[in-house]
Amino acid sequence: MVFIVITLIKTAIIAFVLLTVLAYLQWVERKVIAHVQVRMGPSRVGPHGLLQPLADVIKLITKEGVMPSDVNSFFYLLAPFLAVFMALISISVIPFGTQITIGPYTTAMQLTDLNVGILFILSVSSMGVYGIALAGWSSNNKYALLGGLRSSAQMISYELPMSLAIVSPLLIAGTLSLREIVNSQAGYNFGVLPKWAIFAGPFPQIFSFIIFMVSGFAETNRIPFDLPEAENELVAGFHVEYSSMTFAAFFMAEYANMVTVCSIATLLFLGGWHPLWPVEYGSNFVAPLILFAAGAVCVYHGLNPARPFDRYTLPVFGVVFFGLAGLMLVPFLVPVLMPLFWFLAKTGFLLFVFVWVRATLPRFRYDQLMGFAWKGLFPAALLNLLITGFLVALES
Amino acid sequence: MDLLFFIVFAGIAVVSAVNVVLQRHPIASALSLIGVMGSIAVLYLQLGAEFIAMAQVIVYAGAVMVLFVFVIMLLNAGAEVRRGRSWTAQLLGIPALAAFVGLVCWFFQRGFSNAGEVKFGNFTGGSAQSVGYALFTEYLLPFEVTSVLILVAIVGAIVLARKEMD
């Protein structure tokens with residue numbers, strides 16, 4: 001009974017946080033791309049456009065959902081549901097940190113610790129292609145069909161290097177459970193260099209990390225691999241006929257997939273919640289320092305406002321940052337908050353790389369895309385796996 | 001609880017399997033087949049074979065059926081047209097089905113009358129480690145032969161699909 005109540009509470013918290021993160025990820029993306037392109041980005045709704053995601057959600061919910069004529073309505077409505085379901089469910093096996101103890105109850109910061117967690121993620125992500133393929137096919141539109149076909153071909157192709165890149169760190173960790181994979185990366189070489197998979201012996205997994213991230217871009221249909229929705233050829237690709245909440249479902253699925261790929265990269269290659277350098281050298285003070293610096297910057301700009309409303313908004317943010325920094329220093333919260341901070345920091349950085357790449361790189365041509373997967377990434381991943389396997393076998 | 005889950009997912013598997021045949025549209029049939037694979041994966045999970053369950057979903061539902069759906073979309077196959085049954089099918093269909101089901105029941109009754117019931121929950125043969133160990137020790141030769149077989153199939157597909165070189 002206690003187990004069920006705890007699980008329900010955890011599910012509610014994780015669902016709420018994840019959906020908020022998905023909404024604000026879109027704000028972050030628009031802001032970052034805007035600043036890369038020397039624009040302002042969203043700035044009208046709320047201070048610095050911070051309420052823009054809320055406005056977007058209200059707009060998407062209240063819009064009329066248009067169903068084009070002659071579509072296969074069952075599959076047309078099933079597709080967005082499938083896409084968003086498969087994208088959201090994979091968060092259930094991702095561990096965010098160590099344990100929380102509240103009174104007599106101790107629970108892991110994770111919904112469920114499957115002993116085949118990483119395989120669960122792979123199987124769910126391989127099912128996600130149905131949403132996109134069905135959407136493209138059932139819309140009764142040639143652009144949508146082309147997008148759906150491209151997406152199926154692309155996702156099948158890039159799943160291979162992705163899976164092969166995942167296997168190499170698994171060989172070093174020797175387990176399939178995500179929590180145990182992270183635990184196997186604890187500790188430091190020479191006292192300072194963390195034993196994350198990208199630094200670990202016998203063969204540092206830096207190559208498979210790069211291969212994983214590149215295939216991650218393709219699996220989530222992001223630039224430079226966003227051929228399924230290439231605007232200047234296919235209008236909007238597989239979701240061209242979708243509007244209102246069904247469109248929002250695809251949008252959410254894309255961002256949820258991004259979050260999943262970044263979390264998996266963090267867990268497998270970047271040591272999950274283990275800090276970059278040992279606690280003895282003060283890694284626990286990084287989070288409060290960063291937050292304190294952010295608060296100080298906010299207060300400074302609030303006192304020297306560039307825009308009229310900055311005088312009122314920025315000090316508020318500053319106080320919030322100071323409060324968070326103080327929270328990170330409370331002794332009995334440190335064992336809970338520090339792993340969470342390091343996990344979120346690494347995942348957030350990878351998400352920023354996703355946005356950064358979108359603002360930087362142009363799109364591939366379709367034959368280049370397929371050639372790159374089969375002639376470039378696949379042999380590289382295979383070679384990496386062979387070397388890793390050989391060295392692990394030699395070591396044991 | 002175990003029995004409840006078994007009945008639900010076995011039911012889904014059977015209904016989806018029948019649906020594969022009954023559906024008139026190829027895509028609907030293919031999706032029903034995915035339903036069969038998924039519910040069989042759940043049955044594997046109940047037996048404690050997590051690795052087999054996940055491999056079932058990844059390989060069959062995630063890879064093989066995606067290719068099926070892909071090909072159906074590429075061919076743009078429409079809904080099939082039902083024609084009337086031939087008089088032999090109408091006359092003999094139901095009696096032949098009854099005879100077949102009776103024969104299967106009789107066979108199981110004779111062959112497996114002393115078999116115990118399948119135990120759920122304490123089966124320990126399905127972890128990744130035990131599957132891998134069995135594959136690379138006891139079943140090494142069949143495993144390697146299968147991989148060569150798949151290689152032959154790939155080479156054959158490339159030879160068939162290759163454009164003629166001028």
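Me: How do you know that chain B and chain A are in contact, and how many residues are involved?
Reply: Happy to go through it. In this predicted model, 15 residues of chain B are in contact with 18 residues of chain A. Each such contact rests on C-beta atoms, placed from the backbone, that lie within 7 Å, so these residues count as touching.

Me: Which helix of chain B gives the most to the side that touches chain A?
Reply: That is helix α3 of chain B, residues 50-75, with 13 residues.

Me: What makes up the side of chain B that touches chain A, by class?
Reply: There are 13 nonpolar residues there, with one polar and one charged.

Me: Let's turn to A:Pro315. Why is A:Pro315 called partly exposed?
Reply: The count of neighbours decides. A:Pro315 has 18 other C-beta atoms within 10 Å. Buried takes 20 or more, and exposed takes 12 or fewer. Because 18 falls in between, A:Pro315 is partly exposed.

Me: Where is A:Pro315, and which residues does A:Pro315 touch?
Reply: A:Pro315 sits in helix α11 of chain A, residues 310-327. Leaving out residues up to four places away in sequence, A:Pro315 touches A:Cys298, A:Val299 and A:Gly302.

Me: What makes A:Ala83 and A:Ala265 stand out in the largest nonpolar core?
Reply: Those two have the most contacts inside this core, which has 117 residues. Helix α9 of chain A, residues 244-269, gives the most to the core, with 15 residues.

Me: Which residues does A:Ala265 touch?
Reply: Setting aside residues up to four places away in sequence, A:Ala265 touches A:Phe209, A:Phe212, A:Met213, A:Gly216, A:Leu270 and A:Leu350.

Me: How is chain A divided, and how many residues of each domain take part in the contact?
Reply: Domain 1 of chain A is 1-62, and domain 2 is 71-99 + 111-274 + 330-395. Their C-alpha centres are separated by 20 Å. The contact takes 16 residues from domain 1 of chain A and 13 residues from domain 2 of chain A. On the domain 1 side, α1(A) gives the most, with 13 residues. By class, that side of domain 1 of chain A holds eleven nonpolar, three polar and two charged residues.

Me: And how is chain B divided?
Reply: Chain B has domain 1 (1-78) and domain 2 (127-166), with C-alpha centres 23 Å apart.

Conventions:
Residues are numbered from 1 along each chain as its sequence is written. Chains are lettered from A and ligands numbered from 1 in the order in which they are written. This is a predicted model: local features need pLDDT of at least 70, side-chain atom pairs count only at pLDDT 80 or more; totals for chains, interfaces and linings use all residues. Two residues are in contact if their C-beta atoms, placed from the backbone, lie within 7 Å. Helices (H or I, at least four residues) and strands (E, at least two) are DSSP runs, numbered from the N terminus. Ala, Val, Leu, Ile, Met, Phe, Trp, Tyr, Cys and Pro count as nonpolar, Asp, Glu, Lys and Arg as charged, and the others, Gly among them, as polar. Domain bounds come from an automatic or database domain assignment. A nonpolar core is a set of buried Ala, Val, Leu, Ile, Met, Phe, Trp, Tyr and Cys residues joined through C-beta atoms within 7 Å.
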